Amino acid sequence: MLLKLKGQTAIVTGAASGIGAQTALLLSQEGANLVLVDLNSCGNTLSTIKESREEAAVLECLGDIRDAEFVNAVIARASDTFGELHILINNAGTCSRLNLETMTLDMWDRDMDTNAKAAFLFTQAAVYPHMMDQKYGRIINISSISGLNGGVVSGGSKDGRSGPAYSASKGAIIALTKWVAKELGEHGITCNSVAPGATASAITAGIEYDISDQAIKRIGTPVDIAQAVLYFASPESSYTTGQILKVDGGYSFG
Ligand SMILES: NC(=O)c1ccc[n+]([C@@H]2O[C@H](COP(=O)([O-])OP(=O)(O)OC[C@H]3O[C@@H](n4cnc5c(N)ncnc54)[C@H](O)[C@@H]3O)[C@@H](O)[C@H]2O)c1
């Protein structure tokens with residue numbers, strides 16, 4: 001079987017659960033070496049990967065992606081272990097659902113730093129010097145349709161609506177995606193974003209989404225998102241950069 005990513009190395013943040021775990025599994029099934037990054041143990045992801053492909057090479061790096069020293073250490077370990085770094089998936093995220101009135105500075109900083117600052121830190125450290133030296137790279141940022149539409153109102157009430165920090169951070173990562181794409185296209189490095197709609201994971205547990213406005217009448221799964229990431233991560237997407245792909249069951253158009 002032809003593996004799309006054979007011999008390539010992929011870093012996936014937020015790989016302990018949800019979208020990150022499925023993305024890591026799918027990239028590994030396509031032959032990539034995996035660097036799993038999370039605050040929490042990636043033990044489950046690691047065993048699923050090994051069950052699926054016994055010879056898979058996996059490195060686990062546990063720590064806080066808001067910390068620049070940790071990010072630099074991850075990139076150094078990944079490069080020492082696997083050599084070249086081909087794919088970076090900025091996926092880890094937090095979502096405060098406090099509204100404008102009750103939002104605290106701590107929560108604002110947490111969401112902005114996890115969802116936006118960490119993506120900048122990882123991108124900078126992976127590109128300079130690694131992807132630049134290789135003249136090749138695939139950077140994929142997991143944003144959200146909240147970064148485009150200001151936060152989905154769920155279940156007929158505003159209870160499940162993502163908060164202002166979340167929407168602002170996802171808007172920031174969308175703009176960062178386009179900025180980086182323009183900067184690095186001439187060096188063989190692409191940068192794209194997948195913007196999920198409501199997807200079943202820890203972040204959405206307990207929230208009932210109104211799917212009546214979606215063309216496809218079901219909530220998304222982490223596998224749906226991982227499949228979109230795989231396109232951007234593969235060599236075949238070499239003529240696509242700066243794009244924001246909404247994977248939301250046909251909730252938003254245009
Ligand atoms: N699930 C959805 O409906 C949905 C919709 C749109 C966008 N997204 C985005 O998808 C991404 C993945 O979310 P998910 O749905 O899989 O949720 P999840 O909670 O299952 O996964 C998020 C992961 O990020 C990790 N993480 C959080 N803060 C971290 C930090 N400071 N350092 C290291 N790791 C950290 C968590 O430990 C967790 O494993 C997020 O960026 C989220 O905003 C999700």
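The structure is a predicted model, in which local features need pLDDT of at least 70, side-chain atom pairs count only at pLDDT 80 or more, and totals for chains, interfaces and linings use all residues. Residues are numbered from 1 along each chain as its sequence is written.

The protein contains seven helices and seven strands, where helices (H or I, at least four residues) and strands (E, at least two) are DSSP runs numbered from the N terminus. Along the sequence these elements follow the pattern β-α-β-α-β-α-β-α-β-α-α-β-α-β. The C-alpha trace spans about 50 × 40 × 35 Å along its principal axes.

Helix H2 comprises residues 43-52, and its axis comes within 10 Å of that of H1, with a crossing at roughly 25°. Axes are lines fitted to C-alpha atoms, for helices over the stretch in contact, and angles run from 0 to 180 degrees between N-to-C directions. H1 and H2 are therefore roughly parallel to each other, a term for angles under 35 degrees. The contact joins Ala21, Ala24, Leu25, Ser28 and Gln29 of H1 to Thr45, Thr48, Ile49 and Ser52 of H2, with residues in contact if their C-beta atoms, placed from the backbone, lie within 7 Å. Four of these residues are nonpolar, five are polar and none is charged. Ala, Val, Leu, Ile, Met, Phe, Trp, Tyr, Cys and Pro count as nonpolar, Asp, Glu, Lys and Arg as charged, and the others, Gly among them, as polar.

The axes of helix H3 (residues 68-82) and H4 likewise come within 10 Å, and they cross at roughly 40°. On H3, the contact involves Ala68, Val71, Asn72, Ile75 and Ser79, which meet Ala118, Leu121, Phe122, Ala125, Ala126 and His130 of H4. This contact has eight nonpolar residues, three polar and no charged.

The ligand is surrounded by 28 residues, of which Gly14, Gly18, Gly93, Ser144 and Ser201 are the closest; a residue is counted if its C-beta atom, placed from the backbone, lies within 6 Å. Helices H1 (18-29) and H4 (105-134) are the elements that give two or more residues to this shell, and H1 gives the most, with three. By class, the shell has eleven nonpolar, 14 polar and three charged residues.

Technical notes: Parallel < 35°, antiparallel > 145°, perpendicular 65-115°, else oblique. Contact = placed C-beta atoms within 7 Å.
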